[in-house]
Amino acid sequence: MASLVLLLVAPLAGCSDDGEPAADPPSGTPTASGPPSASPPPGEPAEPTQAPETTGPGERLPPVHHRVSLPALMREQVGAGRIRRTERLGGTDRWTSWAVTYTVGGAAGGATVSGELLVPTGPGPFPAVVLAHGYIDPAIYTLGRGMSREQEWLASNGFVVLHTDYRGHAGSDPVGDLDRESRLAYTRDVIAAVGALRKEKDVDGDRVALAGRSMGGGVVYNALVTHPDLVDAAVVFAPVSSDLVDNLERWTLPQRPEAARALFDRLGGDPRQAPRPYRELSARSYFDRVRAPVLIHHGTSDDTCPIAWSRETHRLLNRAGADSTLAVYRGEEHAFGPRFADAMRRTVAFLRRHL
């Protein structure tokens, strides 16, 4: 299969290395267009026909051209069951952690997702954060893995933390190939995690945020555009691109070509042949829907997720009228080592300001 060739224009202006951005003036977001997507395979649900077209006074949702899309997810009421604590894992004098599960409703059909819950010591209720981890091979992934440093830092600073494992990971239910490669299942799992967390007696339901690392940053972007009133703030660390095709080219095509071919078949062609389904799975197509303030952390030496991706995402968020801050860390790599504490101090200050 010929590899896809895309040009990514990433302006270097607009933010400084101490993280103080200059916002672009808001402007309209162009409407995507293109040929209709292929019909779903036999046995799959049909396109939504009775979905609501508005989410608030004067706000119209973008049309649904394919059931596997962000516009389709915008119309879903993703249900969430209560958090069930299955095992106490440990803690410090500042917090206690449990292995937990919760259920995801809506199109997920009552799937069970595992995770780790950390609750600060004290009477509460506390502000809360749902964590969305980056890519780790599900075959080696273990419960609560991926953002353990962030979990403990936030809990030590007075935040209830729910780290979701996503479906297909740890003790969660399985996930289908299409939902996995499109990241829509993971997005539903994060949306439901927020709903489940709000039901906890230790949580102040009016003060909830999202935080994601790497792939999880892309999941956070998806949640922000599909359910704009979900949370009060969002933080992403070294995130993937907000354009799905960037991510497909960097990882799926070279590392999982069979999965890429299957995705192309289900979406009616590759991104050159059928561009619209890929635009409609890219959060940046709907940045005009983002209402929560966003803090993006990225290092200049990240050779996994290029900082150009976050510069472009930040530019497009501000152009669409969103409140975006890009904090740039000179010489920092993807995992954040020397500047991790700086990033977390900035994160805590940002969350306290907005929650």
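Author: Asp243 is buried yet has no salt bridge, and the nearest side chain of opposite charge, Arg284, is 4.2 Å away. This is a predicted model, where local features need pLDDT of at least 70, side-chain atom pairs count only at pLDDT 80 or more, and totals for chains, interfaces and linings use all residues. Residues are numbered from 1 along each chain as its sequence is written, and side-chain values use heavy atoms, with hydrogens and water left out.

Reader: Why is the pair of Asp243 and Arg284 not called a salt bridge?
Author: A salt bridge needs a side-chain nitrogen of Lys or Arg within 4 Å of a carboxyl oxygen of Asp or Glu. Buried, by the way, means under 20% relative accessible area (1.4 Å probe, protein chains only).

Reader: What makes the link between Asp243 and Ser282 a polar contact?
Author: The side chains are 3.4 Å apart, and the term asks for a pair of N or O atoms within 3.5 Å, one able to donate a hydrogen and the other to accept it. The value therefore meets the cut-off.

Reader: Where does Asp243 sit?
Author: In the loop between strand E9 (233-237) and helix H6 (244-255); helices (H or I, at least four residues) and strands (E, at least two) are DSSP runs, numbered from the N terminus.

Reader: How do you know that the buried residues of H2 lie on the same side?
Author: In H2 (residues 148-156), Glu150, Gln151, Leu154 and Ala155 are buried. They cover an arc of only 120° around the axis, taken from the directions from the helix axis to the C-beta atoms, which puts them on the same side of H2.

Key
Buried means under 20% relative accessible area, exposed over 50%, partly exposed in between (1.4 Å probe, protein chains only). Lys and Arg count as positive and Asp and Glu as negative; His and the chain ends are not counted.
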